[in-house]
Every structure is written in structure tokens, then in C-alpha cells.
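I opened this notebook to record what I looked up in the structure, one topic at a time. The entries follow the order in which I took up the topics.

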Amino acid sequence: MVEPDLTGVMPVTEPLALAFAQAGYRLYLVGGPVRDAVMGIESSDLDFTTAARPDEIERILAGFKGPIWDIGREFGTIGTLMRAGGREWQVEVTTFRADAYQPDSRKPEVRFGNNIEDDLRRRDFTINAMAIDMVDGTFVDPFRGVIDLDEGVLRTPGTATMSFEDDPLRMMRAARFAARFGFRPTPDVIRAMMDMAGRLSIVSAERIRDEFTKLLLTDTPRIGVDILVRTGLADHFLPELPALRLEIDEHHHHKDVYEHSLVVLDQAIALEKARNHEPDLVSRLAALLHDIGKPRTRRLEPGGKVSFYHHDVVGAKLATKRLTAMKYPKDVVEAVTMLIDLHLRFHGYGEGQWTDSAVRRYVRDAGPELERLHILTRADCTTRNKNKAERLRRAYEELEWRIDELASQEELDAIRPDLDGNQIMEILGIGPSRAVGQAYAFLLERRLDRGPVSVEDATAELMEWWASR
């Protein structure tokens with residue numbers, strides 16, 4: 001057996017274990033922190049379990065003088081922050097549990113248990129059903145979690161059906177662990193996910209959103225996303241994604257639009273890393289969903305060609321509706337929607353020389369999402385035609401170069417007319433009205449077309465436009 005390395009967490013675990021032992025309780029480090037310790041991964045969030053009830057747990061933790069939170073009290077969980085070893089730790093201690101979900105309920109029926117073995121039996125997967133007695137150091141692994149870790153297998157302590165009945169969200173968690181660790185769900189886990197996918201409907205949108213977000217932010221989310229689609233789970237919270245499997249892309253590649261979307265996700269992540277960005281939820285959602293408008297816009301043209309006209313616009317609307325239903329924050333929804341709406345803009349300009357006007361409009365339309373649009377547009381090139389791929393790469397590099405060049409000469413990130421609203425009213429001798437907005441729009445278009453000019457030249461343009469009305 002691989003010995004868990006607890007050296008890094010001893011400054012926290014030792015005083016906690018002593019405090020619980022003095023109160024007459026054993027304290028077990030459990031779940032993810034134990035798994036990570038076996039794998040040699042450092043963890044800053046520590047989960048413990050004990051026979052003590054919530055009120056007693058709170059009394060013991062209060063002795064450490066840190067902030068206490070009890071939002072999970074009804075589930076037996078009390079949390080605190082501890083400073084030890086020169087850093088801050090988030091600690092949660094939960095009473096032994098033996099609860100289960102009822103068939104028509106989104107919340108478990110909470111029942112507290114009396115021993116560590118029963119508590120571990122109700123956990124999601126064997127790799128999380130290991131514990132360490134912090135009083136005497138005993139390693140508790142009744143379901144061979146260490147062996148499954150070593151073999152890269154994702155298995156449930158009891159039957160998969162029973163585990164997913166207890167908490168249907170565990171089916172999504174299986175996909176996340178497969179993506180994060182590269183583990184293989186056992187056949188019975190996959191079969192139970194397929195048979196019980198509909199049970200996901202009792203789980204709140206917020207919990208589904210959070211689990212899906214964690215999956216997307218792993219290094220290789222494609223693995224987990226594909227499991228969600230193949231098992232039918234995605235049908236119940238993101239049906240636009242599996243719908244892409246039915247559509248052959250417009251370039252007549254052997255891969256369908258679904259496969260193309262997974263490749264774009266992979267390539268977007270590679271670009272994130274190459275451009276020194278942290279994992280970006282907005283960028284990854286946009287990459288995965290950028291073509292969800294294609295099933296609605298698919299048309300068979302004369303000669304057998306397939307078209308998807310306006311799938312960018314349709315896809316943006318679908319994304320807004322779906323991500324809102326999943327309870328994503330408004331800023332995330334708006335950013336993803338904008339990227340989907342703009343993801344074809346580069347191709348609309350062709351592969352030729354970019355004019356200053358075209359560059360300004362591209363930057364203006366992208367706004368604060370310009371860097372993400374760079375990543376999505378580059379990632380969206382999945383052609384196997386090496387010559388075409390090279391032309392597209394060079395064309396986009398030319399665009400980025402032109403943006404940088406103009407940015408050094410102009411304030412591209414804040415393109416405004418050469419005259420503001422007050423100047424417009426003063427020059428034209430008018431008060432606030434629709435005409436001021438129309439004049440502002442005219443000057444903005446002129447600014448985009450020919451770049452910045454002097455106040456005198458802008459005034460002359462404004463007066464000429466005013467006279468022509």
C-alpha cells in the first residue's frame with residue numbers, strides 16, 4: 001500500500017485530533033484529502049468526520065478562535081478557518097452520515113451514523129471512501145480505494161445503482177473524476193449512469209452547474225464531457241450538446257459537429273496555456289457551445305452541400321437561454337453569448353489584407369472579450385487541409401499584428417467619436433435629443449472608417465452631415 005503523505009497537514013491535524021480526543025471522540029481525515037495524500041497532491045481544504053454531533057463539533061472548533069460557519073449544520077457539517085504552518089486552512093468536520101435521497105426529493109433525508117465504516121460505505125466512489133484516524137494513524141480502506149487509485153478505476157463502494165440513488169449528482173462527479181484523473185469508470189458505473197440519467201432531474205440547477213463548471217476547468221474536460229453525452233446525462237441539462245452528434249459539418253469532414261466542438265475545446269485549452277492564461281470558464285463554454293446553432297439552421301443545398309447560415313446568431317440565443325436556465329451568472333452568460341455571436345466574424349473578412357477600418361470594427365465589436373475571441377477563432381480552425389490551415393493561421397496572425405500596430409497609435413480599447421455629446425450640442429446649437437444620438441453615431445462610424453482626426457476636422461464633418469439632413 002502507498003503510504004499517504006500527511007507531513008504538510010500535520011500542523012492542522014495534530015491539534016484538531018488532540019482536541020477531539022480530549023472530548024472523547026476519534027477524528028478521521030476523510031475523502032478527497034486522503035485520496036490526494038495517497039496521490040502526492042497537496043490539499044488546502046481538509047474534510048474530517050467524527051461521531052460527535054454538530055453542536056459538540058462547534059463547541060470543539062470554537063476553541064481554535066477562528067470564524068465558524070454552520071450553513072451545513074442540518075447535514076452535520078461545521079466549518080472553520082485555521083491558521084497553521086504559516087498558511088490558512090479551510091476545515092470542515094461532519095458527523096458520521098448514513099443518509100439517502102428519496103425518489104422525488106432534491107435533498108437527502110439526513111440520518112447520522114455511529115461508525116466510520118458505515119460513513120465510508122455511503123460515499124460516492126472507493127477512491128473517496130478512505131479515511132485516516134488522526135488519533136492513532138490507522139488507515140481505513142474497507143473498499144480497496146488504494147487499489148482502485150493504483151489501477152485508475154472509478155468504482156462505487158456498494159452497487160452503482162445504490163450510490164446514484166443516494167445522490168444522482170454523483171453520476172456527473174464520475175465524469176469529472178474521469179476527466180481530472182484519467183480514471184476509467186467501471187462498466188457497472190457506466191451502465192447505471194445510462195439507466196438512471198433521468199434521475200438527474202431531482203438535482204437543483206445550481207448543483208448541476210457547479211459540477212459541470214468543475215469538470216470544464218479540469219485539464220482534459222473532453223473526457224468527462226464525452227461521458228456525459230454518451231450516458232445520456234447531458235440530455236437532461238445541456239441537450240444542445242448531444243444534438244450536435246446528428247450533424248455532419250459543412251466541410252464534409254469525417255467528424256461530425258459534436259466531434260469538432262470537442263476538438264475546438266481541446267485547442268482552446270492548449271491556447272490558454274500557450275498564452276499563459278489560467279483555466280477560463282467563459283472561453284471553454286464558448287468553445288464547447290460555439291456551434292450549437294447548427295442543428296436549427298442545417299439546410300441541404302443543391303448539389304448536396306450542407307449549409308448552416310446564421311448559426312452564430314441562433315447559437316448565441318440558444319446559449320443565452322440554456323446558460324441562464326443553468327443559473328450561470330449574468331456576466332458569464334453575456335460573455336459566452338457574445339463570443340458565439342462573433343465567432344465567424346474573422347471569416348467574414350476573408351484571408352486578405354485587413355484595412356484599418358476593419359480592424360477597428362473588429363476590436364470595437366469584441367470589446368473586453370477580444371483576447372477570448374482570439375482564442376476561440378484560432379481554436380475553431382480544425383481543417384485537415386494543411387495549406388488552408390496555414391493560410392488561416394497567417395491571416396489571423398496578420399489580424400493580431402494589425403491590432404497591435406493600431407493600438408500603439410490609437411486607443412483601440414476605447415474607440416469613441418472625436419467629439420463628445422456636449423461638444424455636439426454646442427456646435428449644433430441643440431439640446432438633448434434624438435438628433436444628438438444620431439450625430440454621435442455618425443461620428444463614431446467616421447472614426448471607425450478613417451481613425452482619429454482633429455477637433456476642427458470632426459467639426460467640419462459634423463456640420464456637413466447636419467446640413468445634409
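**Entry 1. The salt bridge of E58**

I began with E58, which has a relative accessible area of 25% and is therefore partly exposed, as the value lies between the cut-offs of 20% and 50%. I note here that the model is a predicted one. I then asked which residue E58 forms a salt bridge with. The partner is R73, and the closest N and O atoms of the two are 2.2 Å apart. I looked up where the two residues sit: E58 belongs to helix α3 (residues 54–62), while R73 is in the loop between β3 (68–69) and β4 (77–84). The pair links distant parts of the chain, with 15 residues from one to the other. R73 has a relative accessible area of 23%, so this residue too is partly exposed. I also recorded that a network of salt bridges links E58 and R73 with D55 and D70.

**Entry 2. Other salt bridges**

I looked up how many salt bridges the structure has. The count comes to 36 salt bridges. I examined E240 and R322, whose salt bridge has its closest N and O atoms 3.0 Å apart. Are both ends buried, or is one of them partly exposed? E240 has a relative accessibility of 14%, under the cut-off of 20%, and so counts as buried. R322, at 22%, counts as partly exposed.

**Entry 3. Aromatic pairs**

I turned to the aromatic rings and noted nine aromatic pairs in the structure. For F181 and F183, the ring centres are 5.2 Å apart and the planes stand at 25°; because that angle is under 30 degrees, the pair is stacked. F181 and F183 are both buried. I then looked up F442 and W465, a stacked aromatic pair with 5.5 Å from centre to centre and 15° between the planes. That pair links distant parts of the chain, F442 being in helix α22 (residues 434–450) and W465 in helix α23 (residues 455–468), 23 residues apart. F442 has a relative accessibility of 22% and counts as partly exposed. W465 has a relative accessible area of 15%, which means that this residue is buried. I recorded one aromatic cluster as well, formed by F125, F164, F177, F181 and F183.

**Entry 4. Charges over rings**

I asked which ring the charged end of R87 sits over. The ring is that of W89, and the charged end of R87 is 4.0 Å from its centre. I found K294 over the face of F308, at 5.0 Å from the ring centre.

**Entry 5. Helix packing**

Two packed helices are described by the angle between their axes and the distance between the axes. I looked up both values for helix α7 (residues 169–181) and helix α10 (residues 221–230): the angle is about 150° and the axes are 7 Å apart. The cut-off for roughly antiparallel is over 145 degrees, so α7 is roughly antiparallel to α10. The crossing of α7 and α10 is right-handed. I next took helix α2 (residues 32–39) with α7; their axes come within 15 Å and cross at roughly 20°. This angle is under 35 degrees, and therefore α2 is roughly parallel to α7. The crossing of α2 and α7 is right-handed.

**Entry 6. The segment after α23**

I located R469 in the segment after α23. Is R469 buried or exposed? Its relative accessibility is 53%, over the cut-off of 50%, so R469 counts as exposed. I also looked up the separation of R469 from L265: their C-alpha atoms are 50 Å apart, and 204 residues separate them along the chain.

**Entry 7. The chain as a whole**

The chain has 23 helices and 13 strands. Of its 469 residues, 50% count as buried. Taken along the principal axes, its C-alpha atoms fill a box of roughly 90 × 60 × 40 Å.

Technical notes. Residues are numbered from 1 along each chain as its sequence is written. This is a predicted model: local features need pLDDT of at least 70, side-chain atom pairs count only at pLDDT 80 or more; totals for chains, interfaces and linings use all residues. Side-chain values use heavy atoms; hydrogens and water are left out. Rings of Phe, Tyr and Trp (its six-membered ring) pair if their centres lie within 6.5 Å; planes under 30 degrees apart count as stacked, over 60 as edge-to-face and the rest as tilted. Buried means under 20% relative accessible area, exposed over 50%, partly exposed in between (1.4 Å probe, protein chains only). Helices (H or I, at least four residues) and strands (E, at least two) are DSSP runs, numbered from the N terminus. A charge sits over a ring if NZ of Lys or CZ of Arg is within 6 Å of the ring centre and within 35 degrees of the ring normal. A salt bridge is a side-chain nitrogen of Lys or Arg within 4 Å of a carboxyl oxygen of Asp or Glu. Axes are lines fitted to C-alpha atoms, for helices over the stretch in contact, and angles run from 0 to 180 degrees between N-to-C directions. Angles under 35 degrees count as roughly parallel, over 145 as roughly antiparallel, 65 to 115 as roughly perpendicular and the rest as oblique. A crossing is left-handed if the near helix is turned anticlockwise from the far one by less than a right angle, and right-handed if clockwise.
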